[in-house]
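Colleague: I have a model open here and would like to go through it with you. Can we take it a piece at a time?

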Amino acid sequence: YCEVMRVCKLQAIVFVIILLVFSESIIYFLSYQDSIKAVQFIGVLSIAVLVSLVRIDSKLFQQGSVFRLFLVFFFLFNFGQVILLSLDNKEVCSQITSYGRFSYAAIFRASCYALRTLIFIEFGRLLAFRDTQANYSVFKTEDEACEYSLRKLGFWLCIIAIPLDFINTFSVVSHALIYGYKATYGNDYLKLGSSLSSIALYYLTGIYLLALANKDNKKKTLLILSYIVIRSSALFLIGKRGAAVPMFIALLWFYFSVFGKEKINVKRIILLIIIGYIGLAASLAVFDIRNNPNMVFGDLVQNISDSIVKFEVFSSSLMEFGGSLRPLLEVMRFIENGQMDCVNGLSYVFSLFGIIPSGLRGPITDIGAQFNAVDVGIMLEKKVGLSYGIGYSLVAESYYNFGTYGFLTFIPFGFLLSNLFQPRERNTSIANESQIAFISILFSLTLMSVRGTSELLFKNIFYYYIIPMYLLRSIYEGVKGRS
């Protein structure tokens, strides 16, 4: 069996290499065509590449749904607007090129680069494949020490973190409802400092561990998870979709993983599609809330209804999701014009130092600033000359580090994320039992890091995976030692 899976892995790697060669051949051909037609065709090619990668992944990783979800969102963030250009929607085309600084030729080059990162992140994923992953099923041990450890750590993390998170969330939501979404970027309202906010985020770890400890009692599990639903809904209502959507998706994956006996039939698929469609319509309606603090609830409902009837949901969602294209375009423009220099991996090095609390870093941050290798998102915002954040992305950061060869950094990224996201048989009962919770936690926190920097990704892994896992194992070993 293991030999068969190794052959399958080799075949998958060869197929990805062939897919890369094919894509590069098409890109080479398109580079001599009209820029508008080249951009339109690259959007079609990107969809074909995504479908091929997902099919490869599903053949080798039978339970790799979380990584495949990550891959799909990675695609949407980087190609959402390119797909709209491929559809030749005149209104959308004018919006995308209205930045006043990007030609279709520039968009084509950025799209080609992003396509390479998509292929190479899956290549890294394939390199991480292990035979023990193939027939994974939800691990349910009879070890009482596991349940006790999950419950104890989960309970205390909830006691410490939920009050802090509630203060933060209530303050942000109430301020946004009174003064509008943009007001949440200011500092004229009550909010926790960075250290307390980091502690508050442990509510997610506490809730998932506690829910997993009570998995045999479905009602209690759902009650525990309800805090995430209420919190995410509140943030979604005020326009913070980036904080809410990953939480909802991870929650659904956790639910179906824990209660796997509940099959997803046709009725449930239709129900999920309807809910998703209405959710996308609601995400468009919250745009008005972000800019109009005087909007009442009736106006929100009316806007949602209009979005559903006019079928604007998908095009507007692709426009919004695909906003990560702009940071890459800006970085490429500045480097090509000589206004920026590649930092040759230094931003990744100083991102690793970012896991050290700011008060303990000493001169590290100042040294990184001298090399333009820290706070790269803020630096780009200042370079563009805007008073608001245009966002950032892992794709833009890779180009900032290594230029046209930066896409190769997505091999280790794919390898790392595959190991973190992929359920497999591990060496201890507590690791087996808790991995569903930790995958959900990491997925919630890292999905939007595609639209951030590597520092955010490394911080999330260290603080909300490595540290809680160490504490959980320590409690478990202590309980087993006493017994």
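Colleague: Which side chain does lysine 459 meet in a salt bridge?
Modeller: The side chain of lysine 459 meets that of glutamate 455, at 3.4 Å from N to O. A salt bridge here is a side-chain nitrogen of Lys or Arg within 4 Å of a carboxyl oxygen of Asp or Glu. Before going on: this is a predicted model, in which local features need pLDDT of at least 70 and side-chain atom pairs count only at pLDDT 80 or more, while totals for chains, interfaces and linings use all residues. Residues are numbered from 1 along each chain as its sequence is written, and side-chain values use heavy atoms, with hydrogens and water left out.

Colleague: How are lysine 459 and glutamate 455 placed in helix 21?
Modeller: They are four residues apart in helix 21, so about one helical turn separates them. Helices (H or I, at least four residues) and strands (E, at least two) are DSSP runs, numbered from the N terminus.

Colleague: Is glutamate 455 buried or exposed?
Modeller: Glutamate 455 is buried, because its relative accessible area is 17%. Lysine 459 is partly exposed, at 27%. Buried means under 20% relative accessible area, exposed means over 50%, and partly exposed is in between (1.4 Å probe, protein chains only).

Colleague: How many salt bridges does a search of the whole structure find?
Modeller: The search finds 10. One of them joins arginine 125 to aspartate 57, with the closest N and O atoms 2.7 Å apart. Arginine 125 lies in helix 5 (residues 104-127) and aspartate 57 in helix 2 (residues 35-60), so the pair ties together parts that are 68 residues apart in sequence. Both arginine 125 and aspartate 57 are buried.

Colleague: Which residues are linked in a network of salt bridges?
Modeller: The network links Asp57, Arg68 and Arg125.

Colleague: And what about arginine 231, which residue does it form a salt bridge with?
Modeller: Arginine 231 pairs with aspartate 165, the closest N and O atoms being 2.8 Å apart. This pair also links distant parts of the chain, with arginine 231 in helix 9 (residues 218-237) and aspartate 165 in helix 6, 66 residues apart. Arginine 231 counts as buried because its relative accessibility is 12%, and aspartate 165 counts as buried at 3%.

Colleague: New topic. How many helices and strands are there in the chain?
Modeller: The chain has 21 helices and zero strands. Of its 483 residues, 51% count as buried.

Colleague: What share of contacts join residues at least 24 apart?
Modeller: The share is 79%, among contacts between residues at least 6 apart in sequence. Contact means heavy atoms within 4.5 Å.

Colleague: Now proline 468. Where is it found?
Modeller: Proline 468 is found in helix 21 (residues 454-482). With a relative accessible area of 1%, proline 468 is buried.

Colleague: Which residues does proline 468 touch?
Modeller: Not counting residues up to four places away in sequence, proline 468 touches Leu153, Tyr202, Thr205, Phe438 and Tyr463. Tyrosine 202 is 266 residues from proline 468 in sequence, yet their C-alpha atoms are 9.0 Å apart in space.

Colleague: And serine 434, buried or exposed?
Modeller: Serine 434 counts as buried because its relative accessibility is 0%. Its place is in helix 20 (residues 429-446). Leaving out residues up to four places away in sequence, serine 434 touches Leu150, Leu212, Met469 and Leu472.

Colleague: Over to the surface. Which residues form the nonpolar patch?
Modeller: The patch is formed by Phe155, Trp156, Ile159, Ile160, Leu196 and Ile199, with about 560 Å² of accessible area together. The elements that give two or more residues to the patch are helix 6 (144-179) and helix 7 (194-200). Helix 6 gives the most, with four residues. Patches are made of residues with over 30% relative accessible area and no salt bridge; like charges are joined within 9 Å, and nonpolar side chains (Val, Leu, Ile, Met, Phe, Trp, Tyr) within 5 Å. Accessible areas come from the Shrake-Rupley method with a 1.4 Å probe, and for residues only the protein chains shown count as cover.

Colleague: Why is tryptophan 156 called partly exposed?
Modeller: Tryptophan 156 is called that because its relative accessible area is 49%.
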